[in-house]
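Subject: Structure handover

Hello,

Here is the structure I promised. Please look it over, then read my notes below.

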Amino acid sequence: MRAVVIARAGGPEVLEERDVGEGLPPPGEGEVLVGVSAAGVNRADTVQRQGRYPAPPGASPYPGLECSGTILALGPNVPSRWAVGDELLPVPQGVSLTDAAGLPEVACTVWSTVFVTSHLSPSESFLIHGGSSGIGTFAIQIAKHLGIKVFVTAGSEEKLAACKGLGADVCINYKTEDFVARVKEETNGKGVDVILDNMGGLYLQRNLNSLAVDGRLFIIGFQGGAVTEVNLQPMLARRLTIQAAGLRNRSLDNKALIVSEVEKNVWPAVVQGKVKPVIYKTFPLSEAAEAHKLMEESSHIGKILLIP
């Protein structure tokens with residue numbers, strides 16, 4: 001079996017493709033063995049590579065949060081719906097097995113955060129920071145499918161054009177515009193109902209200032225730092241809520257519940273062609289370092305995949 005191994009904490013150059021044991025590991029209780037067709041690259045992988053995001057106890061030490069593939073073997077007490085040869089999650093009809101690797105992390109993150117926890121609803125408004133990212137491109141599509149007005153921020157005209165093409169209503173270049181002022185302008189001073197934020201500390205005050213009465217801010221990353229000073233008065237004045245969560249450290253039962261909800265609520269939109277995986281580039285497994293470099297440059301639009 002071959003895998004990408006983090007030789008030591010550091011830059012992309014520390015990633016090595018290696019043989020990591022003879023033969024295939026037998027699946028354990030309730031597990032399946034998957035022949036991987038493609039794997040998504042996520043920013044969390046780059047943070048793990050740097051030594052700042054260790055794998056939780058019992059998890060694989062190899063970087064990677066999502067993949068697509070085919071079941072090769074079943075462990076004891078696997079639910080009867082699964083059989084050798086099945087494509088996981090299952091793969092939605094109309095999506096290739098390779099492209100499907102770009103769906104699990106974004107679908108589970110967006111659905112479990114802004115829809116399940118923040119209760120984003122039709123007729124509300126939604127600001128997505130990093131609209132051209134894998135999560136952003138998915139969030140735009142599913143929100144528009146559900147009748148929500150979508151605002152996005154991105155750092156180039158090319159990225160903003162891609163977001164517009166996916167359905168975003170208001171596209172803001174954060175390098176040349178004040179997103180707070182633009183949000184207030186577009187909402188007649190009201191603000192948006194929900195914000196999905198990957199920046200953390202750097203944007204916290206501005207996010208609070210951008211929210212409408214009863215607005216909800218959901219933080220899923222700290223690319224702008226985890227420490228800041230903030231004026232909390234807007235929270236009291238407008239009944240604002242700050243929420244934060246990730247997927248990786250959840251229990252298996254909780255992850256299974258999220259996946260079940262995604263299959264029930266999101267997969268039909270994918271089958272209908274209303275939501276599609278946006279794949280920017282694929283790399284062979286041996287070029288994982290190049291994939292990480294591209295992720296950290298943030299020049300991509302959509303998902304980056306590794307192909308074994």
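P104 is buried, at 18% relative accessible area (buried means under 20%, exposed over 50%, partly exposed in between, with a 1.4 Å probe and protein chains only). P104 sits in helix α2, residues 104-117 (helices are DSSP runs of H or I with at least four residues, strands are runs of E with at least two, both numbered from the N terminus). Leaving aside neighbours within four places in sequence, P104 is in contact with E66 and C67 (contact means heavy atoms within 4.5 Å).

A word on the basis. This is a predicted model: local features need pLDDT of at least 70, side-chain atom pairs count only at pLDDT 80 or more, and totals for chains, interfaces and linings use all residues. Residues are numbered from 1 along each chain as its sequence is written, and side-chain values use heavy atoms, without hydrogens and water.

Overall fold

The protein has ten helices and 13 strands. The C-alpha atoms fill a box of roughly 60 × 40 × 35 Å along the principal axes. Buried residues make up 45% of the 308. Of the contacts between residues at least 6 apart in sequence, 63% join residues at least 24 apart.

R216

R216 is in strand β10, residues 211-219. R216 is buried, with a relative accessible area of 12%. Its side chain makes a polar contact of 2.9 Å with the side chain of E124 (a pair of N or O atoms within 3.5 Å; within protein, one must be able to donate a hydrogen and the other to accept it, and residues adjacent in sequence count only if both atoms are side-chain atoms). A polar atom of the R216 side chain also lies 3.2 Å from the backbone oxygen of H119. Beyond four places in sequence, the contacts of R216 include D193, T241 and Q243.

Salt bridges

There are twelve (a side-chain nitrogen of Lys or Arg within 4 Å of a carboxyl oxygen of Asp or Glu).

- D19 and R2 meet at 2.9 Å, N to O. D19 is in strand β2 and R2 in strand β1, so the pair ties together parts 17 residues apart in sequence. D19 is exposed at 57%; R2 is partly exposed at 43%. R2, E17 and D19 are linked in a network of salt bridges.
- D169 and K144 also meet at 2.9 Å, N to O. D169 is in the loop between α4 and β8 and K144 in helix α3, so this pair ties together parts 25 residues apart. D169 is partly exposed at 31%, and K144 is partly exposed at 29%.
- R239 pairs with D214, the closest N and O atoms being 2.8 Å apart. R239 is in the loop between α7 and β11, D214 in strand β10, 25 residues apart. D214 is partly exposed at 37%.

Surface

The protein exposes about 14500 Å², with carbon and sulfur atoms supplying 53% (Shrake-Rupley method, 1.4 Å probe; for residues, only the protein chains shown count as cover). M1, L24 and L72 make a nonpolar patch of about 280 Å² (patch residues have over 30% relative accessible area and no salt bridge; like charges are joined within 9 Å, nonpolar side chains, namely Val, Leu, Ile, Met, Phe, Trp and Tyr, within 5 Å). L72 is in strand β4, residues 66-74, and is partly exposed at 44%.

Best wishes
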